[in-house]
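Dear colleague,

I am handing over the structure we spoke about, with the sequence alongside. Please look it over first, and then read the notes that follow.

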Amino acid sequence: MDRRIRKTKKAFYEAFLKLLETQNLQQITVTAIVKEADVNRSTFYKHYTEKEDLLNEIIESVLGDLQAAYNDPYQRDTSFNAQNLQPYMIKIFDHVYKHQLFYRHVISSKISPNFQNRVCHVIQDLVLRDATKSTIPKDLNPSILTSYQAHAIFGTIVYWVENNFSETSDYMSKQLFLILKTQHQLDSSK
């Protein structure tokens, strides 16, 4: 994508998310978006038909970045598996911090109330990939296990957002690592 287009779209993203701080989704107009972004209205319509198209693009961009953050250890080491995970490898919290305004709106349900479930489903699909590569008890349904894990990971994100990002992303990664490690130890001792 052309650098100017990226810059323009970034301005639209930031304007839209900033407007969500003071208005609900229905109140936001294209006029308000272009004014906040300091971009021509015709430029908006060059890229989008309506504000919902912009929102959908923001959502898809953030979800793509979430998947990339989760997949980061796999990209760096082709022999990586989840059992070799270390705190510094967990990049989800770096992702959330980078998109903190977006996640604030997700947690407060300013962006489609069911979007929280969509984030959990993306995480669940990623975790399911790891679960199918590891040994789990044959009577344990992998979909239920990964739903539990995805919602637990999302719960740590909710905690962090609700506490105004008072801890660093490294601290949160270490906490998630310790939670996963403790859960694994509990499961192994049964």
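A residue is called buried here if its relative accessible area is under 20% and exposed if it is over 50%, with partly exposed in between. Please keep in mind that this is a predicted model.

On that scale, Lys 18 is partly exposed, because its relative accessible area is 46%. Lys 18 belongs to helix 1, which covers residues 3-20, and, once neighbours within four places in sequence are left aside, Lys 18 is in contact with Glu 36 and Leu 101. Although Lys 18 and Glu 36 stand 18 residues apart in sequence, their C-alpha atoms are 8.4 Å apart in space, and their side chains are joined by a polar contact of 3.3 Å.

Turning to the aromatic residues, the structure contains 10 aromatic pairs. In one of them, the ring centres of Phe 93 and Trp 160 are 5.6 Å apart and the ring planes lie at 80 degrees, so the pair is edge-to-face. This pair links distant parts of the chain, since Phe 93 is in helix 5 (residues 92-98) and Trp 160 is in helix 8 (residues 142-162), 67 residues apart.

Trp 160 also forms an edge-to-face aromatic pair with Phe 165, with 4.8 Å from centre to centre and 70 degrees between the planes. Trp 160 is buried, with a relative accessible area of 0%, and Phe 165, at 9% relative accessibility, counts as buried. Elsewhere, Phe 12, Phe 44, Tyr 45 and Tyr 48 are linked by ring pairs into a cluster.

Conventions. Residues numbered from 1 in each chain as written. Heavy atoms only, no water. Helix = DSSP H or I, 4+ residues; strand = E, 2+ residues; numbered from the N terminus. Buried < 20%, exposed > 50% of the residue type's maximum accessible area, 1.4 Å probe, protein only. Contact = heavy atoms within 4.5 Å. Polar contact = N/O pair within 3.5 Å; in protein donor to acceptor, adjacent residues only side chain to side chain. Phe/Tyr/Trp six-rings, centres within 6.5 Å; stacked < 30°, edge-to-face > 60°.
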